[in-house]
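Subject: Structure handover

Hello,

Please find the structure for your files here.

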Amino acid sequence: MFSDQQLEHIEQLKKRYQHPQSVVLEALWMWQDTHGWISEEAMKQVAGVLGIPFHDVYGVVTFYTMFNRAPVGKHKLEVCTNISCMLRGSDRILKHLEDRLHIRVGGTTTDSQFTLVEAECLGSCGTAPMMQVGDEYYENLDETRVDKILDGLT
Amino acid sequence: MEPLILPNIPDLHKLEVYEAHGGYQMLRRALGMPADQVTDEVKKSGLRGRGGACFPTGLKWTFMPKQTNKPKYICVNGDESEPGTFKDRQIFEFNPHLLIEGTIIACYAMGVTTAYLYVRGEYAKWIRMMQKAVDDAYAKGYIGKNILGSGFSTEFYLHRGAGAYICGEESSLMNSLEGQRGYPRVKPPFPAQNGLWGCPTTINNVETIANVPVILRLGWEAYSRIGAPKHPGPILVGVSGHVNRPGVYEMATGELLTDIIEGYAGGVLGGKKIKAVFPGGSSTMVLRGDQIAGVRMDADSLKAAGSSVGTAGLIVMDEDTDLIRVITRIAAFYHHESCGQCTPCREGTGWMHKILKRFETGEASRADIDLLLDVANNIEGNTICALGDAAAWPVQSMIKQFREEFEMRVNEPLAEAASVGS
């Protein structure tokens with residue numbers, strides 16, 4: 001369920017657009033920030049709040065890559081492997097994370113702390129290689145720095 | 001050139017610092033001018049879009065209907081997702097008020113009463129920075145009702161995406177903003193006639209809009225004398241890959257690629273030779289290292305060299321780079337990002353990736369080179385939006401420029417080798 005505060009915020013956002021459907025991404029963001037992922041129940045809630053059909057919300061959730069359609073670890077590690085990062089050794093970073101966390105790309109650690117995924121270009125080409133964890137960008141990575149970052153994530 | 005978009009002024013992102021350096025004075029000046037005259041200044045300045053298509057900005061603004069009973073909109077495109085591109089992010093972080101000032105001036109010029117800044121979902125941190133700047137500008141009356149007592153009112157809203165390269169395509173961006181899947185629309189009708197919710201809409205890139213206050217400050221004549229005459233102004237060039245000092249550098253258009261790499265970016269890592277460059281992001285035609293002497297970072301020079309300026313995201317690859325791996329990774333990207341509407345792109349990008357993987361693993365046949373070209377040629381020009389072309393061009397150009405790299409990776413004995421053995 002959305003909190004009263006979230007519902008109020010959604011009502012405010014609706015005024016910015018000609019149609020309430022425009023708030024769908026923001027409503028989904030709110031849900032994911034609270035619950036960590038987008039369930040079918042979440043899509044029903046969003047559809048209800050915006051007064052739009054469920055299938056429109058489903059269509060949106062399945063189009064955009066940032067919505068988790070299944071639970072993920074507490075920290076989602078997204079390593080950019082696109083060309084600029086690849087040229088600066090992103091494969092080493094990915095391998096190091098796989099080895100340290102004992103999971104493969106796409107996997108989640110058994111303690112549900114970490115999920116490891118590959119990301120497309122995140123706009124950090126000048127500070128490559130990099131990864132995103134939640135909202136944070138970690139740039140100019142090497143194995144030592146990755147270890148320090150992981151140690152700092154609780 | 002003295003930086004104009006990203007001047008080296010500490011704390012420029014703060015409103016009071018921006019104001020102390022002449023910030024929002026151009027908005028004040030614009031509001032005192034007839035709206036058409038503002039558009040005219042931008043038109044005469046020669047500013048061309050910085051989002052990849054290089055379309056003349058002032059001309060685009062004139063497409064907006066003057067007489068209409070519908071609301072008009074501006075979408076500022078901050079989706080920045082082209083691999084090798086990381087410039088708009090610098091504007092959000094270091095000079096957000098320049099972007100806001102430019103947007104409000106553009107709104108005034110076109111009679112727009114609502115502007116949306118669409119920012120890619122991954123840029124959460126930069127969205128927060130922009131939101132702070134927008135809130136401050138509202139509080140000071142630079143956005144909102146009766147701006148600076150002029151009687152002109154306009155709103156400015158941030159809109160966060162959620163991870164889709166295609167939403168940087170203008171019609172896809174509008175569908176995304178309407179809360180739909182980010183499918184590109186068939187053009188015509190063009191956005192100026194039929195954009196957001198069927199209303200007149202102009203979409204401009206973040207860097208393009210940031211140039212607008214600069215044009216008013218310098219005057220169109222002085223601005224048009226910066227850099228390359230047919231593609232003038234300051235440009236943010238992002239250099240990445242095998243260079244000593246990767247980063248975003250502001251310069252006048254028309255700098256030599258070699259000067260950008262050797263000068264700004266400190267040369268190639270380890271003093272190696274350049275094997276190849278993508279001059280303007282991964283979707284521009286690749287150039288050989290031995291072809292870039294004399295080529296400049298502007299639309300005409302790069303076109304003559306067989307490529308394009310794109311988003312000025314210059315990706316440098318040294319002599320030891322495995323280009324088959326590079327192009328396979330790029331093909332994977334376009335396959336992942338194809339929205340799936342058009343068959344040539346939806347199927348073709350996947351086929352190209354599959355064939356390229358055969359080269360990567362040494363399982364390709366000689367005929368696969370021409371098959372790959374055939375697939376690319378059948379995507380190019382046959383899709384609703386430019387993603388199809390963006391996927392085809394790097395593959396086509398890689399084969400054209402580096403055919404020998406593909407030939408070396410086929411799983412067949414070379415004809416010469418076979419004849420030696422017989």
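Predicted model: local features only at pLDDT ≥ 70, side-chain atom pairs only at ≥ 80, totals over all residues.

Residues are numbered from 1 along each chain as its sequence is written, while chains are lettered from A and ligands numbered from 1 in the order in which they are written.

Chain B contains 17 helices and 11 strands (DSSP runs numbered from the N terminus: H or I of at least four residues, E of at least two). Its C-alpha trace spans about 90 × 45 × 35 Å along the principal axes. Of the 422 residues in chain B, 55% are buried (20 or more other C-beta atoms within 10 Å of the residue's own, with C-beta atoms placed from the backbone).

Helix α13 (residues 323-337) and helix α14 (residues 343-360), both of chain B, have axes that come within 8 Å and cross at roughly 155° (lines fitted to C-alpha atoms over the stretch in contact, with angles from 0 to 180 degrees between N-to-C directions). α13(B) and α14(B) are therefore roughly antiparallel (an angle over 145 degrees). Residues in contact (C-beta atoms, placed from the backbone, within 7 Å) include Ile324(B), Ala331(B) and Tyr334(B) on α13(B), and Met352(B), Leu356(B) and Phe359(B) on α14(B). The residues of this contact comprise eight nonpolar, five polar and three charged (nonpolar: Ala, Val, Leu, Ile, Met, Phe, Trp, Tyr, Cys and Pro; charged: Asp, Glu, Lys and Arg; polar: the others, Gly among them).

Regards

How values were computed. Parallel < 35°, antiparallel > 145°, perpendicular 65-115°, else oblique. Contact = placed C-beta atoms within 7 Å. Buried ≥ 20, exposed ≤ 12 C-beta atoms within 10 Å, placed from the backbone.
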